[in-house]
Amino acid sequence: MKRTLGVTALACAGLLAATACGGGSGSGGSSNGPVTVTVMTWESTDTNAAIKKALEGFKDDNVKVQLLDSPSGQYGDKLASLTQAKKLPDLFWCGNDTEQQYTSQGLLVNWADKIKSSSSDFKADNFVPSAMENWKTADGQMGGLPSLMNTYGVWYNADAFTAAGLPLPKAGWTWDEMYADAAKLANKNGAKYGLVADQLTSADGPFTMSMYSVSAGGAPFTDNVNHPTKAEADGKYQEGVQKLAAAIKNGSVAPPGYDASNVQSLFAAGKVPMTFGGQWLAAGFQTDKPKIKYGFAPFPQVQTPTTLYDSVGICTPQYTKNQDATFKVLEYINTKVWDAVLPASPVAPPAYTPAQASYFDALTKAQQPTVVDTVKADLSAEKTVGVRFTTQWASQVGDLTTANYQPILSGKKPITDLPNYVDKINALIKQGG
């Protein structure tokens with residue numbers, strides 16, 4: 001189960017124009033036999049094996065389920081080729097960005113009415129509200145359903161904190177406290193920086209800083225990551241950027257351009273005292289035991305608890321042969337399959353809340369109390385902000401960020417240049433890429 005950030009949006013303009021919504025190979029049996037519903041995931045071999053075994057519990061004389069092979073490392077390429085050939089499986093794993101783009105081009109079944117009017121427990125009210133809202137297009141369509149949530153926070157080296165005489169991070173700690181801790185932890189025990197947070201300094205950094213602004217009572221960086229009408233950097237937002245830039249200048253926080261590709265292994269080896277990351281790291285840490293005692297804390301706050309939200313899900317092409325059969329399998333995956341899969345690999349809480357117990361039980365059994373507490377805190381946070389734009393022109397934001405936002409963090413440009421960066425984003429929004 002992968003985080004959304006690992007699933008890049010497919011650039012489908014032109015490619016999808018040829019596929020429209022009609023025809024397609026889809027899947028299905030003959031009129032004299034059961035319908036076959038095909039499923040494709042981006043999971044590892046082991047996780048796919050667990051999913052396949054769990055799907056064997058699906059019992060319906062009129063429906064067969066077939067899990068297709070798909071190398072996890074090449075999922076994006078395979079999805080693109082199947083889209084072009086109009087041979088997408090009936091159910092395929094998708095990121096929020098892909099769902100938004102495919103739905104806006106009429107390629108996916110709209111489940112909005114069906115999930116809203118469902119008479120069973122598998123209905124909209126039983127999903128995490130922020131996930132359901134973020135999966136809607138501007139006109140209220142849902143070309144898929146969120147399946148697994150991604151929550152984010154700060155992974156910390158508890159041994160390093162204790163050695164430095166610092167209290168361990170916990171819900172309610174502040175940004176000022178985090179930066180102060182980073183300053184005291186930098187240049188100790190082989191760690192150059194106290195905090196390595198690629199989410200703060202990379203192309204997604206402006207969205208992460210929204211948390212500071214919103215928590216302080218200010219405005220988010222954008223009004224909507226799916227269909228934005230504006231970006232802004234108000235006084236609270238600029239305050240947050242100033243504090244981050246100061247922490248980078250004094251060496252507490254790793255600067256833009258720092259190679260964070262191996263930060264997980266450095267953290268596990270005790271060379272990175274704090275790093276931003278998602279809850280999915282817990283599953284890996286259970287397998288590859290870090291040399292340190294570690295914990296997972298919610299993001300710091302100013303006033304109101306605020307966090308990032310993100311989710312991955314499952315989509316269905318318009319040309320699926322039997323929507324009712326496909327929806328039955330979709331329901332089974334969300335209500336039953338995770339109960340069988342997550343105990344062995346608790347990587348993410350289900351978006352369907354009644355299925356979350358197995359995830360939290362597995363973490364509790366694995367003695368990961370800080371992960372349990374932080375994920376629950378994130379899911380119930382009063383305010384949430386999106387992690388990035390999901391639009392087709394989102395990649396262009398990265399270029400603008402590299403040229404205009406990161407130099408502000410590095411001290412190469414003054415904070416007064418921030419409005420210029422925001423103006424460029426707004427020009428991009430206005431022209432739609």
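Helices H15 and H16 are roughly antiparallel to each other, a label for angles over 145 degrees. This is a predicted model, in which local features need pLDDT of at least 70, side-chain atom pairs count only at pLDDT 80 or more, and totals for chains, interfaces and linings use all residues. Residues are numbered from 1 along each chain as its sequence is written, and side-chain values use heavy atoms, with hydrogens and water left out.

**Stop 1: the helix pair**

Select residues 357–365 for H15 and residues 369–379 for H16; their axes come within 9 Å and cross at roughly 150 degrees. The axes are lines fitted to C-alpha atoms over the stretch in contact, and angles run from 0 to 180 degrees between N-to-C directions. Helices are DSSP runs of H or I with at least four residues, strands are runs of E with at least two, and both are numbered from the N terminus.

Next, display the side chains. From H15, Tyr 359, Phe 360, Leu 363 and Thr 364 meet Val 371, Val 372, Val 375, Lys 376 and Leu 379 of H16, where contact means heavy atoms within 4.5 Å. By class, this contact has seven nonpolar residues, one polar and one charged.

**Stop 2: the salt bridges**

A salt bridge is a side-chain nitrogen of Lys or Arg within 4 Å of a carboxyl oxygen of Asp or Glu, and the count by this rule is six.

Select Asp 60 and Lys 328: they form a salt bridge whose closest N and O atoms are 3.2 Å apart. Asp 60 lies in the loop between helix H1 (45–55) and strand S2 (63–67), and Lys 328 in helix H14 (residues 323–341), so the pair ties together parts 268 residues apart in sequence. Lys 328 is partly exposed, with a relative accessible area of 41%; buried means under 20%, exposed over 50%, and partly exposed in between (1.4 Å probe, protein chains only).

Then select Lys 114 and Asp 324, a salt bridge with its closest N and O atoms 3.6 Å apart. Lys 114 is in helix H4 (residues 112–117) and Asp 324 in helix H14, 210 residues apart. Lys 114 is partly exposed at 31%.

Move on to Lys 230 and Glu 232, whose salt bridge has its closest N and O atoms 3.5 Å apart. Lys 230 is partly exposed at 40%, and Glu 232 likewise at 26%.

**Stop 3: the whole protein**

Finally, show the entire chain as a cartoon: the secondary structure comes to 18 helices and ten strands. Of the 433 residues, 54% count as buried.

Notes
Parallel < 35°, antiparallel > 145°, perpendicular 65-115°, else oblique. Nonpolar A, V, L, I, M, F, W, Y, C, P; charged D, E, K, R; others polar.
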